[in-house]
Amino acid sequence: MRQIGIVREVNDGIAIVEVSRKSACEGCHAASDGECSACVSFGDKKTTAKADNSAGANVGDRVVLETDSRTVILYAAAVFLFPLILGIAGYFALGALSFAAAPYIGALGGFAMAFVIVWLTLNRKASKRCDIKIVRIL
């Protein structure tokens, strides 16, 4: 996955790069008319990312960032699929109990537990790794 950003800070081979978030509104016909409330609210947000600066970019440079597609898919699966799987597992695990709300409590508990697990494991690992790389200075 490639994206363009602007280097805001450089420290010890790591650059802090400001990027525009890729919006789901890129193909939205209402976004060009300014009528889509979601596009107006969320379409022009900026965020910062930590990137490997092996290309030697300096503060203010426009750069091309690249992330391995497998890494993006892994993170997406961890954030979206893992909670769904644990929610379904919790639903069936407590479904055998005698009171009617048990499966729903189990689903909610499994769903919440998945986010805690993802936050505790992936957040720590991702903060130590630098999965984004500057591949070119524009």
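This is a predicted model: local features need pLDDT of at least 70, side-chain atom pairs count only at pLDDT 80 or more; totals for chains, interfaces and linings use all residues.
I started with contacts in the chain: of those between residues at least 6 apart in sequence, 74% join residues at least 24 apart.

**Overall layout.** I went through the secondary structure next and found 4 helices and 5 strands in the chain. Reading along the sequence, I wrote the pattern down as β-β-α-α-β-β-α-α-β.

**Surface.** How much of the chain is buried? I got 23% of the 138 residues. The chain exposes about 9400 Å², and carbon and sulfur atoms supply 62% of that area.

**Asp12.** I looked up the loop between β1 (2–11) and β2 (14–20), and Asp12 lies in it. What is the phi of Asp12? It is positive, about 50°, although Asp12 is not a glycine. I noted that because most residues other than glycine have a negative phi. Is Asp12 buried or exposed? I have it down as exposed, because its relative accessible area is 82% and the cut-off for exposed is over 50%.

**Arg136.** Then I jumped to strand β5 (residues 132–137), where Arg136 is found. Arg136 has a relative accessible area of 46%, so I put it down as partly exposed, between the cut-offs of 20% and 50%. Which residues is Arg136 in contact with, leaving aside its neighbours within four places in sequence? I listed Arg62, Val63 and Val64. I also checked Arg136 against Ser54, 82 residues apart along the chain. Their C-alpha atoms are separated by 9.6 Å.

Key. Residues are numbered from 1 along each chain as its sequence is written. Side-chain values use heavy atoms; hydrogens and water are left out. Helices (H or I, at least four residues) and strands (E, at least two) are DSSP runs, numbered from the N terminus. Buried means under 20% relative accessible area, exposed over 50%, partly exposed in between (1.4 Å probe, protein chains only). Contact means heavy atoms within 4.5 Å. Accessible areas come from the Shrake-Rupley method with a 1.4 Å probe; for residues, only the protein chains shown count as cover.
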